[in-house]
Amino acid sequence: MLRRLSHYHRGTAAAARLSAAFRCVSTGSLTITEPLNFWAGQRKPGQKGHKEHVYEPATGRILCHLEPCGAAEVNQAVEAAKKAFINWSKLSGMERGRVMIEAAHLIEGKREEIAEMEVVNNGKSITEARLDVDSARLCIEYYAGLASTLAGQHVQLPGGSFAYTCREPLGVCAGIGAWNYPFQIAAWKSAPALACGNSMVFKPSPVTPVTAAMLAEIYAKAGAPEGLFNVVQGGQETGSLLCQHPDVAKVSFTGSVPTGRKVLKPVTLELGGKSPLLIFKDSDLENAVKGALMANFLSQGQVCSNGTRVFVQRDIFPEFVSEVVKRTQAIEIGDPLLESTRMGALVSRSHLHKVLGFVEQAKKEGATVLCGGEPFVPSHPKLRGGFYMTPCVLGDCRDEMTCVKEEIFGPVMSVLSFETEEEVLRRANDTTMGLAAGVFTRDVRRAHRVVEQLKAGSCFINNYNITPVEVPFGGFKTSGIGRENGQVTLEYYTQLKTVYVEMGDVENCTLD
Ligand SMILES: NC(=O)c1ccc[n+]([C@@H]2O[C@H](COP(=O)([O-])OP(=O)(O)OC[C@H]3O[C@@H](n4cnc5c(N)ncnc54)[C@H](O)[C@@H]3O)[C@@H](O)[C@H]2O)c1
Ligand SMILES: NCCCC=O
């Protein structure tokens with residue numbers, strides 16, 4: 001059934017017929033013409049005369065143009081957010097939660113439409129994109145529920161006096177997003193911020209600007225006041241204008257370590273990683289192999305928490321590697337909008353070349369390509385300009401190689417063998433980053449002992465890359481500051497006020 005997609009034009013009649021039969025959009029058929037900025041309740045143009053191309057990674061064609069925001073537009077968005085904050089922050093948590101629940105319902109109704117837009121703009125498979133939309137919806141539902149639980153403490157003092165604390169919102173929060181989970185990141189940042197009574201100006205990655213504007217429309221339709229959630233488009237310049245704006249109270253940033261270092265304010269930093277996955281000889285091999293694939297090839301390997309340093313105990317190394325290579329070679333690459341596709345396109349041509357460059361560098365440094373690591377050209381003519389590569393497993397890796405030290409952010413797994421628990425812990429922790437880590441073992445005591453010593457913010461035992469919105473997510477060391485999701489995140493979007501209440505008379509022993 002063909003559903004209406006208000007702001008999007010489809011291409012050829014044949015493509016439209018195909019869409020009608022199976023879905024709203026088919027790869028290579030969509031052009032977006034509506035402005036992608038959004039503030040004060042409406043889509044808005046950006047700076048006059050400035051336009052940047054936005055691509056469809058699956059085909060390499062231009063999907064739309066982004067109009068970046070300059071100082072004037074960023075000001076307008078922040079002003080809109082300031083106005084919205086005045087009333088929104090005075091609502092009860094229940095009232096705020098009601099609007100957010102409505103937004104979650106709208107997302108549920110538009111699940112397929114949003115997921116398709118994510119695929120068209122990001123290149124990931126439709127199967128993964130649907131789960132990202134679900135995660136966004138669940139996050140909004142979760143914080144809608146928590147909004148009414150925000151509370152402080154009551155402290156009894158002598159003479160009937162008392163003090164209390166309460167959590168107050170910060171004001172206008174800025175959200176800055178990366179391109180690997182565009183819609184999910186916008187939700188993970190806005191949901192706790194809005195639940196706590198803040199308003200938000202969100203800047204998505206200029207590579208994936210489309211779905212944040214959809215989220216803004218959804219919040220507006222759900223009854224959010226004008227200006228509560230705003231979207232300004234652009235790259236470094238717009239991001240910097242937003243972060244340094246004097247009326248922005250807090251920045252929550254998702255992106256790379258180098259960019260994160262440039263952002264100064266009370267911040268939440270969700271940055272990159274080079275996470276270890278430890279596989280002991282007593283693991284369930286089938287689960288460990290699946291775990292390694294989950295840890296490396298979801299979202300074309302473009303996941304911050306990926307466990308790309310796979311340490312395997314020597315006794316099971318050959319068997320493990322041969323199974324991982326076999327399964328990696330079987331991953332179906334192609335049109336991300338097809339149900340059968342398991343790996344879509346990387347996000348951009350330049351990023352594809354960067355990832356392939358890491359593979360070349362690995363070879364020069366002595367690693368062996370056990371599979372993949374090549375550009376991939378799908379057979380369908382419309383996909384020939386897309387940004388595909390075969391998922392890669394690198395053997396003969398050593399800890400000092402670039403592929404083992406640096407975040408590649410693509411489908412490249414490095415396998416390394418180890419002998420003892422003590423040795424693998426030392427090598428796993430030998431990194432400046434600390435976003436995530438995983439361990440596969442059947443020995444429950446070993447699992448907890450190892451996790452206790454892993455220097456990483458998000459640890460997985462016998463699974464990997466599972467991120468329920470009820471549990472906090474974030475990194476140690478240079479991988480970040482603060483957390484997203486879970487109850488603790490409410491603390492990052494509020495400030496604690498203490499109020500002393502005198503119930504007797506003022507006793508002034510020194511001034512009378
Ligand atoms: N820890 C997490 O939760 C998490 C989640 C997703 C992605 N990531 C990381 O993100 C990186 C990939 O994303 P990317 O390439 O978009 O990262 P990036 O750092 O290049 O860009 C991230 C965002 O910052 C903006 N930006 C650039 N310069 C800025 C400045 N001076 N001030 C303010 N904003 C600025 C960009 O326009 C973009 O919106 C990887 O390192 C990945 O691991 C981390
Ligand atoms: N599903 C959450 C992944 C965040 C990192 O890229």
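Predicted model: local features only at pLDDT ≥ 70, side-chain atom pairs only at ≥ 80, totals over all residues.
**View 1. The shell around ligand 1.** Among the 28 residues around ligand 1, those that come nearest are Gly-177, Ser-256, Thr-259, Leu-271 and Glu-407. Helix α8 (236-243), strand β12 (248-254) and helix α9 (257-262) each supply at least two residues of this shell; α8 gives the most, with four residues.

**View 2. Polar contacts of ligand 1.** Oxygen atoms of ligand 1 lie 2.7 Å from a backbone N or O atom of Gly-177 and 3.2 Å from a backbone N or O atom of Gly-255. A polar side-chain atom of Trp-179 lies 3.0 Å from an oxygen atom of the ligand. The protein buries 88% of the 870 Å² that ligand 1 exposes when taken alone.

**View 3. Aromatic pairs.** The structure holds seven aromatic pairs. Tyr-142 and Tyr-143 form an edge-to-face pair, because their ring planes stand at 80°, with the centres 5.0 Å apart. Tyr-142 is buried at 18% relative accessibility, and Tyr-143 is buried at 0%. Trp-188 and Phe-473 are also edge-to-face, at 5.9 Å centre to centre and 70° between the planes. This pair links distant parts of the chain, 285 residues apart: Trp-188 belongs to helix α6 (residues 182-195), and Phe-473 to the loop between β23 (458-461) and β24 (476-477). Ring pairs also join Phe-202, Tyr-219 and Phe-229 into a cluster.

**View 4. Lysine side chains over tyrosine rings.** The charged end of Lys-124 sits over the ring of Tyr-181, 3.6 Å from its centre. Lys-250 lies over the face of Tyr-493, at 4.8 Å from the ring centre.

Note on methods
Residues numbered from 1 in each chain as written. Chains lettered and ligands numbered in written order. Heavy atoms only, no water. Near = heavy atom within 4 Å. Polar contact = N/O pair within 3.5 Å; in protein donor to acceptor, adjacent residues only side chain to side chain. Areas by Shrake-Rupley, 256 points an atom, 1.4 Å probe, with all protein chains shown as cover. Phe/Tyr/Trp six-rings, centres within 6.5 Å; stacked < 30°, edge-to-face > 60°. Buried < 20%, exposed > 50% of the residue type's maximum accessible area, 1.4 Å probe, protein only. Lys NZ or Arg CZ within 6 Å of the ring centre and 35° of its normal.
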